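Please look over the sequence and the model that follow, and keep both at hand while reading the report below.

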Amino acid sequence: MPTVSIIIPTYNRPRELAEALEALARQHYQDFEVIVLNNNGDDVSAVTTAYQDRLQLTYVELPENHHVRARNHGVTLASGRYILLHDDDDLLLPSHLEEAVGDLEAGADLTYTDAELFTYRWEEDHRIAIDSEPFAYPYDPETIREDSTYIPSGSLYRKSLHDQLGPFDEDVFNYWDWDWILRVGKDHLVLHPARATVLYAFNPSGNHESARQDAARRVFFERLVEKHQLPTSEMKNFHIVQAERRARLRQTRRTFNGQLTESE
């Protein structure tokens, strides 16, 4: 039985998914399983099959496009005692999982790192990083109620948290991750080490859900605000937060050399 279960919902991003799986195959720590959940998108079984000999991998076809429900389903399938959340277009640097497991073995209930926000262009079947900058802010249970600086991709937590807190909240949809860190942070130990080992993809012209700040999204935002009585009325993605908070960036360990992992 693996120690870690990695949950990856995916929707029509086969090339990005291949890069994500390649990065996982290159992790220093390999005691994990990968659960890929296709949210009623194009068949990506050819991508997952290509990694069956390098990763302990389960591929699931779902009947609808609902990324929160997919993650909840992934949790029910997970056999590891730790859960790692992973977006299909993000990448983990090779030391990420090893260090994150160390954080939980040292006593944390949830750990998440700083990230490199990177923009990119496509060259044939892989992405080339154009530039990157750290997204690195200290974790504080109070200030995170004002703006979410929690990037869930790459975060690792004890599966037992779901026994106490329940599943991810599907009713807040786009804001499931902010809701999750607020719920966990109330009574559990959250660790946020100063190391940027998650590569968070952002391309304003691409298929990126967080780039859109529309009326449909506001419905879910207002549900979150009411649920937690948050002191904010502004919807923001990570780039908006970054633009407003750059002066408060903390020092973080950066090892990203600008080369994205290419699938083989």
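## Strand E11 and its partners

In this predicted model, strand E11 is joined by 2 bridges to strand E12 (residues 253-254), and the two run parallel; here alanine 196 has arginine 254 in E12 as its bridge partner. Strands are DSSP runs of E with at least two residues, helices are runs of H or I with at least four, and both are numbered from the N terminus, while two strands pair if DSSP finds at least two bridges between them. Residues are numbered from 1 along each chain as its sequence is written. Because the model is predicted, local features need pLDDT of at least 70 and side-chain atom pairs count only at pLDDT 80 or more, whereas totals for chains, interfaces and linings use all residues, and side-chain values use heavy atoms, with hydrogens and water left out.

E11 also pairs in the parallel sense with strand E7 (residues 114-123), over 5 bridges, and within this pairing phenylalanine 118 has alanine 201 in E11 as its bridge partner. With strand E5 (residues 91-92), by contrast, E11 runs antiparallel, joined by 2 bridges, and leucine 92 stands opposite valine 198 in E11. E11 itself, which spans residues 195-201, is mostly covered, with 7 of its 7 residues buried (under 20% relative accessible area, with exposed over 50% and partly exposed in between, for a 1.4 Å probe and protein chains only).

## The open sheet

Another part of the model is an open sheet of 7 strands, in the order E3-E2-E1-E4-E9-E6-E10, with mixed pairing. Its edge strands are E3 (56-61) and E10 (190-191), each of which pairs on one side only. Strands of a sheet pair through backbone hydrogen bonds, either parallel or antiparallel.

Within this sheet, strand E4 (residues 82-85) and strand E9 (residues 156-158) pair in the antiparallel sense over 3 bridges, and leucine 84 stands opposite leucine 156 in E9.

## Helix H3 and its cover

Helix H3 covers residues 67-77, and its buried residues are His67, Val68, Ala70, Arg71, Asn72, Gly74 and Val75. What covers these buried residues includes strand E1 (4-10), strand E2 (32-38), E9, helix H5 (161-165) and helix H6 (176-187), where contact means heavy atoms within 4.5 Å.
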